[in-house]
Amino acid sequence: MYIIDLHCDVLYKIWESKGVLRFNDSTELDANKVRLKRGQVKVQCFAIFIPPELKSEEKFQAALDQIDYFYSQVLENNSDIVHIKNWEDLAYLQPHEIGAILTLEGVDCIGNDLHKLSILFHLGVRSVGLTWNFANLAADGVWERRGAGLTSFGIEIVKFNNKNKVFTDVSHLSEKGFWDVMDLADFPFASHSNSKAICDHPRNLSDEQAKALLKKSGLIHVVYHPPFVTQNNTAYISDLIRHIDHFCSLGGVKQIGIGSDFDGIETHIVDLENASKHQNLINELLKYYAPDQVKGFAGENFLRHLPN
Ligand SMILES: [Zn+2]
């Protein structure tokens with residue numbers, strides 16, 4: 001069953017290695033090309049993530065460098081990887097092809113310059129999360145003690161996303177920021193977040209947040225990061241399924257997807273160690289859910305909720 005994965009940090013890892021790691025087959029990459037194929041990944045989102053400790057004036061260049069790796073390593077010489085810049089293109093992917101989408105995890109790199117966001121959009125960015133865990137000029141992240149919502153600049157970014165059919169990603173955003181996005185965004189979603197009711201972690205969504213997202217036709221993509229899955233030392237696929245069960249109990253059966261966070265996480269759920277293992281989750285889900293429902297979780301729910 002094919003998979004659409006809304007979040008991985010392959011580009012960050014390649015950038016961090018200064019291009020030593022290779023997308024096609026470096027075993028250090030959880031979501032290298034060989035593993036994506038083995039795991040039957042049909043569409044992979046590639047996040048641009050800039051570490052907070054980098055000097056502000058170096059952040060935009062770092063974003064461009066990660067995009068350069070996306071073009072030079074993911075797309076070039078890989079005729080079976082297709083850059084998705086228009087949502088309609090997803091419908092034309094051939095069975096042997098993988099769609100690749102650029103996403104942005106926090107807008108720190110654009111400073112206060114909307115032109116820089118526009119440049120990233122022209123290069124292919126189709127989902128924008130306002131923050132990582134801390135504050136920037138757009139909003140506060142979930143670990144920022146101030147806990148503020150969107151700034152005026154953050155509101156401009158959401159308007160930009162609405163106009164350009166770009167998702168506004170609420171994963172990592174402060175709770176107040178989340179509610180601001182609910183008021184403003186036409187295409188909100190959570191690219192990699194689990195349920196707080198099942199695992200009480202600040203990065204997870206409360207039931208009120210999950211219900212608000214579902215009401216706005218937003219998708220929730222469950223994440224494979226063990227600390228967001230369970231408070232036990234070891235996370236199993238059955239623990240992740242509890243999050244899916246819970247979001248379903250809130251009415252989300254047609255709005256749940258996958259946002260693995262491969263290459264952004266150092267520990268893994270047992271039997272979901274890298275992208276070649278996605279089908280282990282699918283096979284387990286098929287024991288409890290109808291094939292059509294599982295197909296929805298695996299990717300079809302996403303295809304039914306594209307910005308338009
Ligand atoms: Zn993240």
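The model is predicted. Helix α7 spans residues 207-215, and its buried residues are Q209, A210, A212, L213 and L214. Just after α7, S217 adopts a positive phi of about 60 degrees.

The cavity search gave a count of 1 cavity of 30 Å³ or more. The largest cavity holds about 30 Å³ of space. Its lining consists of L6, H7, A47, T103, L104, E105, S127, D169 and S191. Strand β4 (residues 98-105) supplies the largest share of this lining, with 3 residues. By class, the lining divides into 3 nonpolar, 4 polar and 2 charged residues.

Aromatic pairs number 15 in the structure. One of them joins F167 and F302. This pair is tilted, with 5.8 Å centre to centre and 35 degrees between the planes. The pair links distant parts of the chain. F167 sits in strand β6 (residues 167-169) and F302 in helix α11 (residues 291-303), 135 residues apart. Both F167 and F302 are buried. Y289 and F297 form an edge-to-face pair, at 5.1 Å centre to centre and 85 degrees between the planes. Y289 and F297 are buried.

Ring pairs also link Y12, W15, F49, W132 and F134 into a cluster. A charge over a ring occurs at F60. There, K116 lies over the ring face, 5.3 Å from the ring centre.

Key. Residues are numbered from 1 along each chain as its sequence is written. This is a predicted model: local features need pLDDT of at least 70, side-chain atom pairs count only at pLDDT 80 or more; totals for chains, interfaces and linings use all residues. Side-chain values use heavy atoms; hydrogens and water are left out. Buried means under 20% relative accessible area, exposed over 50%, partly exposed in between (1.4 Å probe, protein chains only). Helices (H or I, at least four residues) and strands (E, at least two) are DSSP runs, numbered from the N terminus. On a 1 Å grid over the protein atoms alone, a cavity is a set of points where a 1.4 Å probe fits but cannot get out, and a pocket is an open set with protein on both sides within 12 Å along at least five of seven lines; lining residues have an atom within 4 Å of a point. Grid points are joined across faces, edges and corners, and a volume is the space filled by probe spheres set on the points. Ala, Val, Leu, Ile, Met, Phe, Trp, Tyr, Cys and Pro count as nonpolar, Asp, Glu, Lys and Arg as charged, and the others, Gly among them, as polar. Rings of Phe, Tyr and Trp (its six-membered ring) pair if their centres lie within 6.5 Å; planes under 30 degrees apart count as stacked, over 60 as edge-to-face and the rest as tilted. A charge sits over a ring if NZ of Lys or CZ of Arg is within 6 Å of the ring centre and within 35 degrees of the ring normal.
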